[in-house]
Amino acid sequence: MFTKPSDAARYCSGIARALLFAGLTGWFLIDPGFQAIQANAAGEMSQDQFDQRIHDYILAHPEVLVQALKSLDQRQREADAAQARQVLKARADDIFRDKQSPVGGNAEGNVTLVEFFDYNCPYCRQMAPVMEQAAADDPQLRIVYKEFPILGPDSVFAAKAALAADKQGKYTAFHKALYGSKTRVTEAAVLKIAAEAGLDVERMKGDMRQPDIQALIDRNMELAQALRITGTPGFIAGDQIFPGATDLATLKKLIEQARSGK
């Protein structure tokens, strides 16, 4: 926290200089106004004088800084997307064919939709009936569920319980029941829902402690990070990564594009 104006001024000056000489250099080098300053300054100014000229130029043309930040942000998004596509190609087995990841829909279907989700995510809950309808409308749709509990300990408990339910052959039913909860999915709610879904709750509790379940969640977390999936839900079909909730028509389009290889 800054307590003196001089401290704040030095801080702002430091930020401006860091932005100018680190992240935004590329933009200024192609800006005609800045090129003129650079050409006139070569060999004629001290570093302090040169910095002052830059400072004055930004004050006179603040839109340049806004444009530079937008350009930098766009380049970063494009770089992230390119890296995610490389990961998608290199780690297709982990994404689409991990033998420990629960599968819904038609396990032998000709197209796969992968979902990263959290049971306490309201947007994931919103997508649950959409996913169900997509599977009902497409008998060749295979769904891979990636437990991605990022919303706290309750979500982690629910994810472990769902994976333990898979060991009893009841993953899909339990998955649907969890999303049917009208309140936050807490530990108590998970155990109640499990009992109502016909699970052996004591066996489930024991299986939740097995290291393979934590290992799978850890793999999902690492995989999501590599794919630049930072929130829930996140979908993958074919070579496309689709972040966020959507409607049935858009989801079906994503699936058909994956099926056709487009």
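Leaving aside neighbours within four places in sequence, Thr 232 is in contact with Phe 116, Phe 117, Asp 118, Cys 121, Tyr 123, Cys 124, Phe 148 and Ile 150, where contact means heavy atoms within 4.5 Å. This is a predicted model, in which local features need pLDDT of at least 70 and side-chain atom pairs count only at pLDDT 80 or more, while totals for chains, interfaces and linings use all residues. Residues are numbered from 1 along each chain as its sequence is written, and side-chain values use heavy atoms, with hydrogens and water left out.

Thr 232 itself lies in the loop between α12 and β4 (234-237); helices (H or I, at least four residues) and strands (E, at least two) are DSSP runs, numbered from the N terminus. At 13% relative accessibility, Thr 232 counts as buried, a term that means under 20% relative accessible area, with exposed being over 50% and partly exposed in between (1.4 Å probe, protein chains only).

One of the residues that Thr 232 touches is Cys 124, which has its place in helix α7 (residues 122-137). Although Cys 124 and Thr 232 are 108 residues apart along the chain, their C-alpha atoms are separated by 6.6 Å. Not counting residues up to four places away in sequence, Cys 124 touches Phe 117, Asp 118, Tyr 179, Thr 232 and Pro 233.

What about disulfides, and how many does the structure hold? The structure holds 0 disulfides, a disulfide being a pair of cysteine sulfur atoms within 2.5 Å. Cys 121 is in no disulfide, and the nearest cysteine sulfur, that of Cys 124, is 3.1 Å away. Cys 121 has 3% relative accessibility and therefore counts as buried, and Cys 124, at 1%, counts as buried too.

We can now turn to the way helices pack. Helix α8 (residues 153-166) and helix α12 (residues 211-226) have their axes 10 Å apart and pack at an angle of about 120 degrees; axes are lines fitted to C-alpha atoms, for helices over the stretch in contact, and angles run from 0 to 180 degrees between N-to-C directions. That angle makes α8 oblique to α12, because angles under 35 degrees count as roughly parallel, over 145 as roughly antiparallel, 65 to 115 as roughly perpendicular and the rest as oblique. On the α8 side the contact is made by Ala 159, Lys 160, Leu 163 and Ala 164, and on the α12 side by Ile 213, Gln 214, Leu 216 and Ile 217. By class, this contact has 6 nonpolar, 1 polar and 1 charged residues, where Ala, Val, Leu, Ile, Met, Phe, Trp, Tyr, Cys and Pro count as nonpolar, Asp, Glu, Lys and Arg as charged, and the others, Gly among them, as polar.

Helix α8 also packs with helix α9 (residues 171-179), and here the axes come within 8 Å and cross at roughly 150 degrees, so that α8 and α9 are roughly antiparallel to each other. In this pairing Ala 158, Ala 161, Ala 162, Leu 163, Ala 165 and Asp 166 of α8 meet Tyr 171, Phe 174 and Leu 178 of α9.

For the protein chain as a whole, there are 13 helices and 5 strands, and buried residues make up 38% of the 262 residues.
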